[in-house]
Amino acid sequence: MTHDDITADAVSGPGGVPPGPSAVPPVSAQHASADGGSSGRDTAPSPADAALPPELAPAALTLFGDRLDLAAAYAELLATDGVVRGLIGPREAPRIWDRHLLNCAAVAERIPSGATVLDVGSGAGLPGLVLAIARPDLTVTLIEPLARRTSFLIEVVERLGLARSVRVFRGRADEAASGSSGREPISGDVVTARAVAPLDRLAGWSLPLAVRGGRLLALKGSSAAAEIEEHADVVARLGGGEPRVHLCGVGVIDPPATVVEIVRERMIGPPRPAARKRARGGRSRRG
């Protein structure tokens with residue numbers, strides 16, 4: 001896939017912000033102020049922030065294998081360009097490996113070989129880009145509606161040499177599922193999401209993207225069990241099976257990643273609009 005292919009999918013694809021130049025100027029232009037000083041930071045983001053802590057090296061090698069160097073390059077992009085563009089908070093940069101990369105990579109154990117993966121609300125590429133790095137057998141689509149984020153994602157895909165297996169889709173999840181602007185709807189074996197929305201809304205956006213028998217893998221925290229209890233009925237109405245909690249990366253990362261898995265058991269179509277009541281004389285009443 002060429003640069004033009006990726007850009008076409010991201011900028012002129014279904015939905016999202018109308019096509020046009022990215023609102024994100026080059027990193028150097030963003031970081032420098034008019035008087036040559038820094039723009040809101042005491043010091044510039046440093047690649048040193050993305051260094052792999054020695055104590056995490058065994059886990060990183062287990063999860064990324066011979067693509068560990070690629071993961072390190074992505075970590076550096078997050079800690080520098082990602083911070084400048086507001087996709088990663090400055091305080092998150094030193095915790096990129098344990099809080100972001102390793103946590104996301106652990107989800108790969110729930111994904112079958114050769115699967116197509118759709119990452120909803122991809123943001124800076126978490127977990128979709130991490131999974132594409134850790135699992136070269138996967139085909140990944142990063143779904144993100146915001147221009148500044150898709151601009152970053154396109155650049156990262158190119159710089160990491162992932163264009164053959166990763167596509168950036170600029171638009172919302174519902175637009176990707178329904179298709180628009182002359183593009184076909186997309187679907188996948190696995191839909192992933194991290195810190196996007198509560199389970200009921202997330203299932204409503206994500207399950208239509210999964211093929212029948214496919215699954216949603218939602219990275220959650222301590223709220224996972226409570227969300228399942230609260231939203232299980234909604235998930236069922238959306239065609240999902242019983243949500244289950246899995247701990248991924250047990251014995252590799254501490255703490256393990258908490259993942260809620262929902263299988264799409266039934267294909268539920270969009271709700272039909274309610275019929276208007278007809279008044280006497282044949283005229284419909286307005287609600």
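Predicted model: local features only at pLDDT ≥ 70, side-chain atom pairs only at ≥ 80, totals over all residues.
The protein contains 10 helices and seven strands. Of its 287 residues, 46% are buried. Among contacts between residues at least 6 apart in sequence, 70% link residues at least 24 apart.

Two packed helices are described by the angle and the distance between their axes. For helix α9 (residues 199-206) and helix α10 (residues 224-237), the axes come within 8 Å and cross at roughly 40°. The two helices α9 and α10 are therefore oblique to each other. The crossing in which α9 passes α10 is right-handed. On the α9 side, the contact is made by Leu199, Asp200 and Ala203, and on the α10 side by Glu227, Ile228, His231, Val234 and Val235. By class, the residues of this contact comprise five nonpolar, one polar and two charged.

Pro198 lies in the loop between β4 (188-194) and α9. The relative accessible area of Pro198 is 29%, and the residue is thus partly exposed. Leaving aside residues up to four places away in sequence, Pro198 touches Lys220, Glu227 and His231. Glu227 and His231 also belong to the α10 side of the contact with α9. Pro198 and Ile228 are separated by 30 residues in sequence, with a C-alpha to C-alpha distance of 9.7 Å.

Notes. Residues numbered from 1 in each chain as written. Heavy atoms only, no water. Helix = DSSP H or I, 4+ residues; strand = E, 2+ residues; numbered from the N terminus. Buried < 20%, exposed > 50% of the residue type's maximum accessible area, 1.4 Å probe, protein only. Contact = heavy atoms within 4.5 Å. Axes fitted to C-alpha atoms, helices over the stretch in contact; angles between N-to-C directions. Parallel < 35°, antiparallel > 145°, perpendicular 65-115°, else oblique. Left-handed = near helix turned anticlockwise from the far one by under 90°. Nonpolar A, V, L, I, M, F, W, Y, C, P; charged D, E, K, R; others polar.
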